Amino acid sequence: MTDSRKQKLINLGPHALADALLNFAVHSDEADDLIEQLIATPKENVQRFKKKLSGLKHSKRFIDWQGAASFARELEMLLQDLKSGVDDPLTGIELVAAFYETDNTIFEMCDDSSGNIGDIFRYDAKELFVDYASRCKDKDKVADIILKVNQKDNYGIRDTLIDCAGLCLPEDIIRTMITTLQKWASKEKDEYGKRHHLMLIESLARQIKDAKLFEKTRIASWGKLSTAALIDIARVYLESTDVETAHSWLKKIPEGETFQAYERDKLLEEIYHKQGDSEKLTKLLYQKYRSHHSTDTLQALLDVIGHDKRDDTINDEVEQILKTDRLRESDAKFLIAVGKIDSAEEYLLGRADQLDGNYYGSLLSLAEAMESENRHLVTSLIYRSLLVSILERGYTKAYPHGIRYLKKLDKLAASVANWKEFNHHEAFKEKIIQAHGRKRSFWSKYEVKK
C-alpha cells in the first residue's frame, strides 16, 4: 500500500509535488522548516542548527505538557538539520555534544511529564552521536567529549552517552576513561558528585564485562549492599560468563526476601540452565508456575520436565486453584487458556462476590471469553460488576460503556435458565435503579438507546 502511494506521488511529477508542499508550508511551521532543510546546502544546515541551538539557550518561553510533543518534533528537526549538514564525524560529535549541553535550558523551559523531550536525548540524539562516533578515527577525542559532557548531569540524561560508549569505543579507550573517572571520584568532596562518577564507572565496567570492577565500584559507592545491588552484581557476573560467582552473589540475598524476586528468579533460571542443574531448575520453575499461573510459566516448566507431563501438570494445579478462597483474575484466565472452561466457570461462580469492576481490563476480557463459551450466568455476573463500578463512581465519561453493559445484560438474561443463588436480571436491575435512579444522564441515554 505504501509503495503504491509512493509511486502515485512520483507519477504526479516534481512541479505538482513542489506546489503541494509549498501550499502546505503556508499552514505548517514544521513543513516550512522541512522545505528549508531540503533546499539548504550542508553548510547552511549546520548554520541553521547552530542558530536554533543558540535560540534555545536564550529562549524565554515555557512549554506546558500539552505542547511537549510538538516541541519534541521541533528538537527532532533540529537534529535532522545536523544530520543533513554534517558528514565529518568529529564535527558531528562535537555538535551533538553541544545539543546535550543545552539540557538544563531545555528541561527548565518545558513540562516533560510525558517523557517526549527526554526520549529525544535518549534515542534520537544518542543514535546520531553513535553514528558519528563510530566513524570517527580519533577515539581519544570521542572519549574526551563524552567525559566532558558528563562532568555534570543535572537531569540524568547525559549519561546516555556513557551508556553507549561500548558501541563506538574499544576497550583500551574505555579503561582510560574509567581511570579518569576514578581520579575525579577520589577528588570529589560532594557525596552526590562522587556517586555520579562511580555510577558512570559501573556503566563502563558492565560494557567491557569487567564484573570485578563493577562489584568494587558498587561497594565503594554504597557500602552496605541492598538486595537490588546484589542482583545487579550477580547480573554483571553472569553477563561476563562467570556463572558460579553470579550464583554466589544471589545466595547472599536473605531467605524469604520478596523485593525484586522476579529479577532474582530470572537470573537463577539462567544460572541453573548454564550449570545444567535440572533439579534446582525444575524446583524454581514449579515455584514460578504455582505463584503465577500462565501459559508462559507452564511452557517454561514443560520445556524442562517434558511436554508429555502437560495434562498431569495442569490437572494438579487446577485442583489447587479450585481449593483457594481468594479470587485471582490471572488464575481464571489461566483456566480458560488451558481449555478448562468448566473449572473456570466453577471458579468464578464460587467467588462472584469478589468480582471488582474497578479492574476493568482483566474482567472485560474474562467476560468476553466466557460469553464466547456460552457461559451466560457467569458472564452476566462479570458485566454486573463492571456496571456497578461505573454507577457507584458516578463516572459519567464511562456511562456509554455502562449502558452497553446493561444492554448486554438485558440480552444475556434470556439465555440464563438457572440463576442459582444469584438475583434474576429484573431483580438486579430493580436494585441498581433504587441505588442509582437519580443518575438521570445515565438512565435517559439508556432509555433512548434501548
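This briefing describes selected helices of the structure above and the contacts between them. The model is predicted, so local features need pLDDT of at least 70 and side-chain atom pairs count only at pLDDT 80 or more, while totals for chains, interfaces and linings use all residues. Residues are numbered from 1 along each chain as its sequence is written, and side-chain values use heavy atoms, with hydrogens and water left out. Helices are DSSP runs (H or I, at least four residues) numbered from the N terminus.

**Helix α13 and its surroundings**

- Helix α13 covers residues 211-222, which is 12 residues. From its first C-alpha to its last it reaches 16 Å, close to the 16 Å expected at 1.5 Å a residue; the expected span is 1.5 Å times one less than the number of residues.
- The buried residues of α13 are A211, L213, F214, E215, T217, R218 and S221. Buried means under 20% relative accessible area, exposed over 50%, and partly exposed in between, with a 1.4 Å probe and protein chains only.
- These buried residues pack against α11 (171-187), α12 (191-207), α14 (227-239) and α15 (243-250).
- E202 is found in helix α12 and counts as buried because its relative accessibility is 8%. Leaving aside its neighbours within four places in sequence, E202 is in contact with F214, T217, R218 and S221, where contact means heavy atoms within 4.5 Å.
- Just after α13, G223 takes a positive phi of about 70 degrees.

**Helices α16 and α17**

- Helix α16 (residues 261-275) and helix α17 (residues 278-291) pack at an angle of about 150 degrees, with their axes 9 Å apart. Axes are lines fitted to C-alpha atoms, for helices over the stretch in contact, and angles run from 0 to 180 degrees between N-to-C directions.
- The angle makes α16 roughly antiparallel to α17. Angles under 35 degrees count as roughly parallel, over 145 as roughly antiparallel, 65 to 115 as roughly perpendicular and the rest as oblique.
- The contact is made by D265, L268, E269, Y272 and H273 of α16 and by K280, L281, L284, L285 and K288 of α17.
- By class, this contact of α16 with α17 has five nonpolar, one polar and four charged residues. Ala, Val, Leu, Ile, Met, Phe, Trp, Tyr, Cys and Pro count as nonpolar, Asp, Glu, Lys and Arg as charged, and the others, Gly among them, as polar.

**Helices α18 and α19**

- The axes of helix α18 (residues 295-305) and helix α19 (residues 310-323) come within 10 Å and cross at roughly 135 degrees. The two helices, α18 and α19, are therefore oblique to each other.
- In this pair, L298, L301, L302 and I305 of α18 meet R310, T313 and I314 of α19. The residues of the contact of α18 with α19 divide into five nonpolar, one polar and one charged.

**Helices α23 and α25**

- Helix α23 and helix α25 (residues 425-436) pack at an angle of about 10 degrees, with axes 11 Å apart. This makes α23 roughly parallel to α25.
- The contact is formed by R384, L387, V388, L391 and E392 of α23 with H425, F428, I432 and H436 of α25. Its residues divide into five nonpolar, two polar and two charged.
- E392 lies in α23 (residues 376-393) and, at 59% relative accessibility, counts as exposed. The C-alpha atoms of E392 and E368 are separated by 23 Å, and the two residues are 24 residues apart along the chain.
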